[in-house]
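Colleague: I'm new to this one, and I'd like to learn how to read it. Could you walk me through it, feature by feature?

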There are 2 protein chains.
Amino acid sequence: MAGTTKSEPSAAERAIARASEIMRQSTLREVLALASRPGVLSFAVGLPGQSLFPVEGLSRAAAELFATDRQSLQYGIPYPPLKAQIVELMRLRGVTCRPEQVFLTSGSQQGMHLFARLLLVPGGRVMFEDTVYDGMPMAVKRLEPEILAIPTDLNEGIDADAVERHLAAGPAPAFLYLITDGHNPLGVSLDEAKRRRLAALARQHRMPILEDDAYGFLYYEASPAPPLRAHEDEWVFYLGSFSKILAPGLRSGWIVAPEELMPMLAALKHAADLDTPSFSQRMISTFLASGELPGHMARLRAAYGAQRDALLAALDRRLAGAVRWNRPRAGMFVWVELPERIDTAQLVRPAIEEEKVAFSPGAAFAVRGSHHADHCLRLAFAHLTPEEIETGVERLARVIERALG
Amino acid sequence: MAGTTKSEPSAAERAIARASEIMRQSTLREVLALASRPGVLSFAVGLPGQSLFPVEGLSRAAAELFATDRQSLQYGIPYPPLKAQIVELMRLRGVTCRPEQVFLTSGSQQGMHLFARLLLVPGGRVMFEDTVYDGMPMAVKRLEPEILAIPTDLNEGIDADAVERHLAAGPAPAFLYLITDGHNPLGVSLDEAKRRRLAALARQHRMPILEDDAYGFLYYEASPAPPLRAHEDEWVFYLGSFSKILAPGLRSGWIVAPEELMPMLAALKHAADLDTPSFSQRMISTFLASGELPGHMARLRAAYGAQRDALLAALDRRLAGAVRWNRPRAGMFVWVELPERIDTAQLVRPAIEEEKVAFSPGAAFAVRGSHHADHCLRLAFAHLTPEEIETGVERLARVIERALG
C-alpha cells in the first residue's frame, strides 16, 4: 500500500504492520490447507464425523421453521427456549445451573474471545497449559499478554502443583484456560481429585478458570466425572459447544457463567457480531425438542469409540516400542510422542507428498513458541472410518520408520 | 462476586470492573426491549420486513443442502462460490473487484469489529460523524479511542470540509467510518462530488474509510451513484450485508478490501469465531445461484418505497410545521427534528405506555454522549405496513403535540 503524499506511515499503516507481526496465521491452519488435497488420509484436523451428522432431524427442524417461524430469519434476542434446553443438557454433565446463567455464543471460540476481552487488559497475564488448543492463544494474541505456562502431559494433564506454586508466588493472572475431558490436543481427562483442587484454587484466588468442555459428552468408557463447574459456580466459567455433538457448520455454543456477567458479555457480543444466527439457534432448539439428542450422542460415542479402538490397535500393531501414546477416555484425539531427536513439523510435508497421510505437529500446540512438543504429533480420529484409520496408520508408520532411520 | 481470602481485587475483578464501566449496553438495545411489548407500533428498530423474506427460495436452498451437501454442516473455509457471487453483486453497485478482495463475515457488525481490531491501537483516534450508527462506537469502545466528531446532517450528510480541516491540521486517525447511501440514522445519501472528494482524501492521507453499504441496494428513486469504493480500491474498505436484502437471521455479510489485508482479517476472524456458519454461506450461495435475488430486491424496493411514501405523507398530514424531516432516497430510516427544547429520550416511555408507539431517540446515535441530537428521533419503516405506519404516526403526533404543549 504505497503512500502518495507523505513519507511517514499513517496511523492505519502502523497498526496494520503491528497486527501483521503479532497475528500470523496459526501453523494448524496452514497444515489444514495441505492436508485437504485429494487422496490424503488426514488425521490433522479435529473434524467431527460428517457421515454422522443428524441430517434428517436437522432437515425436519429447518422445514418446520420455514413453514411456521419467520422470526428464525430475523434479528432477535438470544432464544429463551434454547437456554432452557441447555440447562437440561448441563444436568446430564452433572452441572446445576439456571437459564439466567446461560449465554449463547457463535461457537465456543467466540466464548474464549469474549472472555479474553472481558477479563484481560492489554499486556496483562494469562495462565495456559504449555501444550494447549491453539484457538485460545489466538483469542488473546491481539492483547499481547504475558503467558504463564503450566506443565501438562498426556497421562495426568495439567500440573496442579505448578498452578498452586504460581498463585502462591504472585498475583493471580486474569484467568486460567483448560480442557477437563478429552483434552485437545493431549487426549487426557483429569481425575476427580484434581478437578476439585483446581476449582478450589480458582475460588481461593478469585481467578476465573475458563473450562472448555467441547468433548465432555464424547466419552468411551465410564461416564466422566462432572466438570469443574459442578464444584464451583462463581469462578469457573464454562464453555459448551454444539459443534462436536451436533454440527460445527451452525456455529453455536454457550457459556455458563455468573448472572452478573451477562450484561457485559451481551455488550461485548453486540460489539462483535450483534447476534448468534437466529436460524441456527432455532434449528438447534427445534432439534433438541424432538428428543433425538441423547440417542444421537449415544451413536457418536459408539462410532467414535470404535474409531479410537481401531487407532489404538493399529498403533500397537505397527509402532509399539518406537513411539508412545495414551488411551483417551473421551474426545477426538490421540497424542503421540516420538523420540526427542525427531522434529515432527519437518515430517508433515513429506508425509503428505510421499505417503498421502497428514497429522498436526506438536509445535502447533506449544505455547510461546516453546520446543518441548516438537517431537510429538496429534492424531484426530473422529472423521475417519476404522478402515481409513488402519490405512492411515500404515502410511504414518512408514513415515516414522524412515525418520527413525 | 465476594472474595474469600484476599482483600485486594484480583486481576479478573479489576478487568471486569473496568469493562463494566466502559461497556454499558447501548440505549438502543434498552429501547428495543420496551418496544417489543404486544400492541406497540414500533418505529424504533431497523428491522427488515419479515413478510418479505424470500422464505420459499431459502427453504428450497436449505432442502437442497440437506439432501446433497453435508459439508454445509461441517467446519469449512470461506465458500469460494459465494465470493464469486458477491463480485457479481458488487458489479450491480458499480464496483469492480476480484474474489481475492472479498472476505466473508458473520454480518457487517463483525466487519466493523475486525477492522477496529486491525486498524486501531488502544487509546488511538478514530473519526466518526457526530450522528452515527451506534454499532460502530460499540465496536471500538473496548479500545477506549479518542473520537474525532465530524458534523453531519439530514440533508447533506457528512461535512467533507470538516474532514479535510482535521486531516490538514494533524495526523490522520486510524479510520473514518461512514454510510454513503440511506444513512442510519439520518436517511441521507451523499452526492457524487462528495463521494469522489472523500475517496480522494482517504488516498491522500492514507487513512482508511470504512464504507458501510448496508442500504445501498434499497433505493426508491433513481439508482444511486456508486459507493466510494468505486473511486478508490486501496483506502476504502467496503462493508456489505445480506441482512437487509435477504435475512438478518443468517448473520452473513462481506468485506471488500485490498488483498494484502486478507491474511490478517482471517487471523482476526479465526480468533473471534473460527468460521462464518457454513450453512448460512451455502444457503445464501444456493439462493443466489437460483437467480432470484434481483427480482427479490426489486420487490423490496417497491414495498419499502411505498412504506416510505406512506410515512412521509402521514408526517406531512399530521406534523407539518411542528417538526422537520427529510425524504430519504434509500434505506430504512426517516430522521425527525423537533424544536430544540424537546428531549426525545424523555418521550420514549410515555409514548410506549400511553400511546403504544415507539421510536429511537436521537441521543442513541450521538457520539461521545453529545447532546446535539437530543431533540431528534429516528423512525424505521421497513417492517411496518402502510396502514400501521399511518396509525403509528397518528399516535406519535399525539405524543409530540403534547410535548409541544
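Modeller: Let's start with a helix pair: helix 7 of chain A and helix 8 of chain A cross in a left-handed way. A crossing is called left-handed if the near helix is turned anticlockwise from the far one by less than a right angle, and right-handed if clockwise. Helices (H or I, at least four residues) and strands (E, at least two) are DSSP runs, numbered from the N terminus. Keep in mind that this is a predicted model, where local features need pLDDT of at least 70 and side-chain atom pairs count only at pLDDT 80 or more, while totals for chains, interfaces and linings use all residues. Residues are numbered from 1 along each chain as its sequence is written, and chains are lettered from A and ligands numbered from 1 in the order in which they are written.

Colleague: At what angle do helix 7 and helix 8 of chain A pack?

Modeller: Axes are lines fitted to C-alpha atoms, for helices over the stretch in contact, and angles run from 0 to 180 degrees between N-to-C directions. Here the angle is about 15 degrees, and the axes of helix 7 (residues 160–169) and helix 8 of chain A are 10 Å apart. Angles under 35 degrees count as roughly parallel, over 145 as roughly antiparallel, 65 to 115 as roughly perpendicular and the rest as oblique. So helix 7 and helix 8 of chain A are roughly parallel to each other.

Colleague: Which residues meet there?

Modeller: Two residues are in contact if their C-beta atoms, placed from the backbone, lie within 7 Å. Helix 7 of chain A brings A:Ala160, A:Val163, A:Glu164 and A:Leu167, and helix 8 of chain A brings A:Lys194, A:Arg197, A:Leu198 and A:Leu201. That contact divides into five nonpolar, no polar and three charged residues. For those classes, Ala, Val, Leu, Ile, Met, Phe, Trp, Tyr, Cys and Pro count as nonpolar, Asp, Glu, Lys and Arg as charged, and the others, Gly among them, as polar.

Colleague: Let me try a pair in chain B. Which hand does the crossing of helix 11 and helix 13 of chain B have?

Modeller: That crossing is right-handed. Helix 11 (residues 293–319) and helix 13 (residues 386–404) of chain B pack at about 30 degrees, their axes 9 Å apart, and they are therefore roughly parallel to each other. Among the residues making the contact are B:Ala310 and B:Leu311 of helix 11 of chain B and B:Ile389 and B:Val393 of helix 13 of chain B. By class, the contact has eleven nonpolar, one polar and three charged residues.

Colleague: Now sheets. In what order do the strands of the four-stranded open sheet in chain A come?

Modeller: Two strands pair if DSSP finds at least two bridges between them. In chain A the order is 9-10-13-12, with antiparallel pairing. At the edges are strand 9 (324–325) and strand 12 (360–361) of chain A, each pairing on one side only. Strand 12 and strand 13 (residues 376–380) of chain A are joined by two bridges, and A:Ser360 has A:Arg378 as its bridge partner. Chain B also has an open sheet of four strands in the order 9-10-13-12.

Colleague: And which way do side chains point along a strand?

Modeller: In a regular strand the side chains alternate between the two faces of the sheet. Look at strand 2 (residues 102–105) of chain B: B:Val102 and B:Leu104 point one way, B:Phe103 and B:Thr105 the other, and all are buried. A residue is buried if 20 or more other C-beta atoms lie within 10 Å of its own, exposed if 12 or fewer, and partly exposed in between, with C-beta atoms placed from the backbone. Four bridges join strand 2 of chain B to strand 8 (residues 253–256) of chain B, and the two run antiparallel. B:Phe103 stands opposite B:Ile255.

Colleague: Is B:Ile16 buried or exposed?

Modeller: B:Ile16 has 21 other C-beta atoms within 10 Å, so B:Ile16 is buried. B:Ile16 lies in helix 1 (residues 11–22) of chain B. Leaving aside neighbours within four places in sequence, B:Ile16 is in contact with A:Leu118 and A:Leu119.

Colleague: Those are in the other chain! How many residues of chain A are in contact with chain B?

Modeller: 82 residues of chain A are in contact with 83 residues of chain B. Helix 9 of chain A gives the most to the side of chain A that touches chain B, with nine residues. That side of chain A divides into 43 nonpolar, 23 polar and 16 charged residues.
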